[in-house]
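Me: I would like to learn how to read the summary features of a protein model. Please take them one at a time.

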Amino acid sequence: MIKRFIALALVVAVGSVFATLLFGYTPDADLNLTARYYAERTAADLGAANIVTAIVVTYRGLDTLGEVTVLFLSASIVGLVLAKGTHAPHRTPVPVGELLTTGTRFLVPLILLLGVYVFVNGHLTPGGGFQGGAIIASGILLLLLADPLKHFSHSLISAIESLAGIFYVMIGLAGLFLAGGFLDNRILPLGTLGNLASAGAIPLIYSLIGLKVGAEFASILAALSETEEL
Amino acid sequence: MAHLAMATGFLLILIGAWGALTNRNLLRMIVAFTIADTGVNLVIIAVGYMRGRTAPIIDGAVSAADAVTRIIDPVPQALVLTAIVIGVGVTALMLAYTYRLFEKKRSLDIRDYTDLKG
């Protein structure tokens with residue numbers, strides 16, 4: 001009871017801080033200095049129509065590399081923690097029903113296509129590698145729901161994951177030699193703003209990120225699904 | 001609009017904090033953390049919102065020249081994009097550890113895990 005009271009006091013204290021922040025908050029009328037720079041220079045400098053993508057992939061590309069690394073680490077640790085070497089051969093499959101099976105056959109190719117579309121068009125439309133990768137992983141999840149005993153090739157998943165990572169870093173290094181710096185997208189021609197083949201290396205990098213994120217999420221899902229039933 | 005989104009975000013953070021502090025079930029605590037995570041993302045997004053402006057994408061509606069006066073702040077969106085992905089990774093990690101803990105002691109109650117208490 002006393003613990004509950006302490007928790008309540010803590011939540012009320014944090015809540016009053018939040019309330020002060022909320023009532024003292026006035027939305028900006030103009031973009032701040034950083035945002036203004038991105039808004040003014042993205043189209044001319046990087047040729048990307050989606051400014052968020054330009055920030056994520058190029059301006060703050062190093063952070064994104066770190067983020068992908070964090071995701072890779074968490075996927076590996078999930079695999080490590082859950083791996084006991086034994087799959088569950090004695091698991092009895094739960095009948096999933098006609099609707100889910102047929103729906104999966106119909107939907108999974110479409111979901112994968114949508115995922116690829118989202119990350120290939122990351123520099124033009126809302127979306128990008130992380131979103132596209134998550135959509136691809138949702139297709140994998142649907143496959144696992146329809147057939148819980150389905151076994152995914154871990155070597156294939158990790159091959160896609162590692163190759164995408166290696167190429168990502170290599171494109172970044174190419175920027176060091178051919179353009180202005182690490183992960184500079186201007187190693188390829190910028191093209192016309194708004195075209196699919198524009199924004200230099202951004203579509204390439206974001207597609208690699210999409211593959212990598214999709215493979216990482218898929219490996220997390222596969223590790224969770226293949227763990228022995230309790 | 002920004003205030004509404006921000007208030008919702010703060011409320012979600014508080015709900016998450018309350019849930020994480022009062023629940024003893026590990027899975028419920030993970031859900032609480034996820035709710036708080038969503039609240040943080042919502043607050044950051046709300047900070048970048050500006051009335052009467054549009055998404056930071058240059059297309060037919062916004063030309064490159066008038067982008068400065070027409071788009072909302074793209075930086076919080078890029079931050080939240082990162083935060084969501086890291087949140088998924090952290091949640092997956094928590095679930096994996098919980099699974100192992102449950103396997104060890106057949107219990108999801110945090111009070112059963114006092115091994116590190118002196």
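Reply: Start with secondary structure: helices (H or I, at least four residues) and strands (E, at least two) are DSSP runs, numbered from the N terminus. Chain A has eight helices and zero strands. The model is predicted: local features need pLDDT of at least 70, side-chain atom pairs count only at pLDDT 80 or more, and totals for chains, interfaces and linings use all residues. Residues are numbered from 1 along each chain as its sequence is written, chains are lettered from A and ligands numbered from 1 in the order in which they are written, and side-chain values use heavy atoms, leaving out hydrogens and water.

Me: In what order do the elements of chain A run?

Reply: From the N terminus on, the order is α-α-α-α-α-α-α-α. The radius of gyration of chain A is 22 Å, well over the 17 Å that the globule rule gives for 230 residues, so chain A is more spread out than a compact globule. That radius is taken over C-alpha atoms, and the rule is 2.2 Å times the number of residues to the power 0.38.

Me: How many helices and strands does chain B have?

Reply: Chain B has four helices and zero strands. Its radius of gyration is 20 Å, well over the 13 Å from the globule rule for 118 residues, so chain B too is more spread out than a compact globule. Along the principal axes, the C-alpha atoms of chain B fill a box of roughly 65 × 25 × 25 Å.

Me: How should I read the contacts?

Reply: Contact means heavy atoms within 4.5 Å. Among contacts with a separation of 6 or more, residues 24 or more positions apart account for 70% in chain A and 56% in chain B.
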